[in-house]
Amino acid sequence: MITRHEVALRLDIPLEMAKRHDIPSRMGEAQFAKLESDPPAWLLQSRANRTGKKPVWIQLECSICGDTEAARPKKWWPEFTYVSCSHHGADELPEAESGLGRTEYDGVGTHFIGIVDAPPQ
């Protein structure tokens with residue numbers, strides 16, 4: 001059995017959409033295979049409306065310990081140089097390259113900090 005969250009990840013749709021279209025909280029692999037092979041009209045429309053600019057889900061992975069989490073990317077998230085768990089210290093990451101400044105973004109996923117190394121502005 002797979003969860004509704006896993007179904008949303010596999011179909012690359014928001015969890016809210018899965019709930020709205022009555023995807024059950026648990027689904028068997030055969031049931032999921034049928035959904036994928038013969039998608040309902042709402043799923044076909046959703047895929048047709050995708051612009052492909054940003055994925056619905058991304059996999060965050062800590063650059064230090066490898067902890068992972070699937071998350072919905074936010075519009076304000078830049079392209080991160082590193083992602084680390086919030087309990088890791090900044091000294092555990094490699095130093096920023098010469099001439100680059102480092103900016104930290106809290107609130108990435110449930111427990112990550114995004115780090116961007118970029119030239120000063």
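**Exercises on aromatic contacts**

At 26% relative accessibility, Tyr105 is partly exposed. The values here are computed from a predicted model.

**Exercise 1.** Classify Tyr105 and Trp76 as buried, partly exposed or exposed.

Solution. Buried means under 20% relative accessible area, exposed means over 50%, and partly exposed lies in between. Tyr105 has 26%, so this residue counts as partly exposed. Trp76 has a relative accessible area of 45%, so this residue is partly exposed too.

**Exercise 2.** State how many aromatic pairs the structure holds, and decide whether the pair of Trp76 and Tyr105 is stacked, tilted or edge-to-face.

Solution. The structure holds four aromatic pairs. In the pair of Trp76 and Tyr105, the ring centres are 6.4 Å apart, and the cut-off for a pair is within 6.5 Å. The planes meet at 35°, so the pair is tilted; stacked would need under 30 degrees and edge-to-face over 60.

**Exercise 3.** Work out which parts of the chain the pair of Trp76 and Tyr105 ties together.

Solution. Trp76 lies in the loop between strand 4 (68–71) and strand 5 (82–85). Tyr105 belongs to strand 6 (residues 101–108). The pair therefore ties together parts that are 29 residues apart in sequence. Both residues also belong to one aromatic cluster, together with Trp77 and Phe80.

**Exercise 4.** Find the ring over which each of Arg10 and Arg72 sits.

Solution. Arg10 lies over the face of Phe32, 5.2 Å from the ring centre. For Arg72, the charged end sits over the ring of Trp57, at 6.0 Å from its centre.

Methods: Residues are numbered from 1 along each chain as its sequence is written. This is a predicted model: local features need pLDDT of at least 70, side-chain atom pairs count only at pLDDT 80 or more; totals for chains, interfaces and linings use all residues. Side-chain values use heavy atoms; hydrogens and water are left out. Rings of Phe, Tyr and Trp (its six-membered ring) pair if their centres lie within 6.5 Å; planes under 30 degrees apart count as stacked, over 60 as edge-to-face and the rest as tilted. Helices (H or I, at least four residues) and strands (E, at least two) are DSSP runs, numbered from the N terminus. Buried means under 20% relative accessible area, exposed over 50%, partly exposed in between (1.4 Å probe, protein chains only). A charge sits over a ring if NZ of Lys or CZ of Arg is within 6 Å of the ring centre and within 35 degrees of the ring normal.
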